[in-house]
Amino acid sequence: MQYKSGYAMTLLLLLTGCGGGSDSSDTDTGTTQLSLAISDAPVDSAQQVCIAVSGINLNSQTGWGPLALLNTTNNDGCLPDGYAIPTDANGNPNFFYIDLLKYQNGEKHALLSDVVIPSGTYEQLRLQIEDGRTSYLNVTTGTDSEFPASYVKDASGNILPLEVPSSEVKLHSFTAPVNGVLDYQVEFNLRHAMVLPGHGQYYKLKPNGVDLLDVDVLSTISGSVAVSDTNCGAAALSNGDVGVYLYNSTVTDYQGVDYDTDNSGPVLTAMVSDDNADGTYTYQLNYVEAGSYKLALVCNASDDELTDTDDGNSGSFTPTIVEPVKEVQVQDPAVSGTTSITENF
């Protein structure tokens, strides 16, 4: 089923409230300051990816809901004319909108800023997002009684619901030290996380492409790609077929985005493009954690896509890789003194 709509604007963001308690066995009852932002790695298969965020939980005692909302520009363009965000019994909105495609290429949107939480170890951070198959906007003058709360506006302008299994994304554990300051980022790598199942009726958000990252240890890898036959050739570059894939250093059997990192899949991917239309082709991989990697130029990256499987080890895509693959060491910025690494092909 496909939906079509126009858009009007007014976004609200975020989150208030904080309860006590952590999942730590520590007896120290100190506190930590936590900041949290949201971002996305570029994807070219959609015009908008609008998620309806209804809250963040650290555990059963500590969480935030959309009660004191911080304004963003024009509702990120996600709220269409003729519709309203549903409210609770007190008239408070049930969720706020974020268009993930607005927060790419190093851009991010703050969710929490220096909130105080009890120190300790938290088993999970849960970002609650309305499932677009079961949660809808309120109709004011619109004609569709089931306009999805979370949705994707695809490259052709069609509106498709976005499935979010269990209406939340579960992110990994972290430790909040006493008197600590934490700066984290929820990174949606949609090329690794968003899939259109074979039925074509809705998109699905897969959690293996969403990560909780420590901003203090993140770096950027970027560079240029020379136009040559050894670098896939001029036609492949001008057609947007070429990508740069970052793999863990132990990988030897290089796979595409359908494979998770434990099964030789890429950690991050980026397409090569001539953004300035001047014949200079470049790429950029954002939010790279410290570690040892292999950096590969992939000539047929535009054919690589996520499929609707859950085993993390499937798909028929075989990357066409330019040899030699680069060995890259990314250090903690506190050690290297920089967050920027240049690797040209």
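**Packing, pockets and local geometry**

Analyst: Leaving aside its neighbours within four places in sequence, phenylalanine 174 is in contact (heavy atoms within 4.5 Å) with Leu58, Ile117, Gly120, Thr121, Tyr122, Leu125, Leu182, Tyr184 and Leu212. This is a predicted model, in which local features need pLDDT of at least 70 and side-chain atom pairs count only at pLDDT 80 or more, while totals for chains, interfaces and linings use all residues. Residues are numbered from 1 along each chain as its sequence is written, and side-chain values use heavy atoms, with hydrogens and water left out.

User: Which residues touch the most other members of the largest nonpolar core?

Analyst: Phe174 and Phe188 do, in a core of 43 residues. A nonpolar core is a set of buried Ala, Val, Leu, Ile, Met, Phe, Trp, Tyr and Cys residues joined through side-chain atoms within 4.5 Å. Buried means under 20% relative accessible area, exposed over 50%, and partly exposed in between, with a 1.4 Å probe and protein chains only. Strand β3 (residues 46-57) gives the most to this core, with 5 residues. Helices (H or I, at least four residues) and strands (E, at least two) are DSSP runs, numbered from the N terminus. Another core, of 24 residues, lies apart from it and includes Ala270, Val272, Leu285 and Cys299.

User: On to pockets. What is the volume of the largest pocket, and which residues lie nearest its centre?

Analyst: Its volume is about 810 Å³. The lining of the largest pocket has 28 residues, and Pro42, Val43, Asp44, Arg191 and Met271 lie nearest the centre. On a 1 Å grid over the protein atoms alone, a pocket is an open set of points with protein on both sides within 12 Å along at least five of seven lines, whereas a cavity is a set of points where a 1.4 Å probe fits but cannot get out; lining residues have an atom within 4 Å of a point. Grid points are joined across faces, edges and corners, and a volume is the space filled by probe spheres set on the points.

User: Which elements give two or more residues to that lining?

Analyst: They are α1 (190-193), β17 (194-195), β22 (268-271) and β23 (281-289). By class, the lining of the largest pocket divides into 13 nonpolar, 10 polar and 5 charged residues. Here Ala, Val, Leu, Ile, Met, Phe, Trp, Tyr, Cys and Pro count as nonpolar, Asp, Glu, Lys and Arg as charged, and the others, Gly among them, as polar.

User: And the second largest pocket: which element supplies the largest share of its lining?

Analyst: β23 does, with 4 residues. The second largest pocket has a volume of about 440 Å³. It is lined by 23 residues, of which Asn208, Asp211, Thr261, Pro266 and Val267 are the closest to its centre. The lining of this pocket comprises 11 nonpolar, 8 polar and 4 charged residues.

User: How many cavities of 30 Å³ or more are there?

Analyst: The search of the whole structure finds 1. The largest cavity holds about 70 Å³ of space. Its lining consists of Ala41, Pro42, Glu187, Asn189, Leu268, Thr269, Ala270, Gln284, Leu285 and Asn286. At least two of the lining residues come from each of β16, β22 and β23.

User: Changing topic: where is the cis peptide bond?

Analyst: It joins glutamate 323 and proline 324, with omega about 0 degrees. Proline 324 is in strand β25 (residues 321-330).

User: What is phi at cysteine 232, and at serine 264?

Analyst: Phi of cysteine 232 is near 85 degrees, and phi of serine 264 is near 70 degrees. Both values are positive in residues other than glycine. Most residues other than glycine have a negative phi, and most peptide bonds are trans. Cysteine 232 lies in the loop between β20 (218-225) and α2 (234-238), and serine 264 in the loop between β21 and β22.

User: Is cysteine 232 buried or exposed?

Analyst: Cysteine 232 counts as buried, because its relative accessibility is 18%.

User: Lastly, how many aromatic pairs are found?

Analyst: The whole structure has 9 aromatic pairs. Tyrosine 245 and tyrosine 247 have ring centres 6.2 Å apart and planes at 40 degrees, so the pair is tilted. Rings of Phe, Tyr and Trp (its six-membered ring) pair if their centres lie within 6.5 Å; planes under 30 degrees apart count as stacked, over 60 as edge-to-face and the rest as tilted. Both tyrosine 245 and tyrosine 247 are buried. One aromatic cluster is formed by Tyr83, Phe95, Tyr97, Phe147 and Tyr151.
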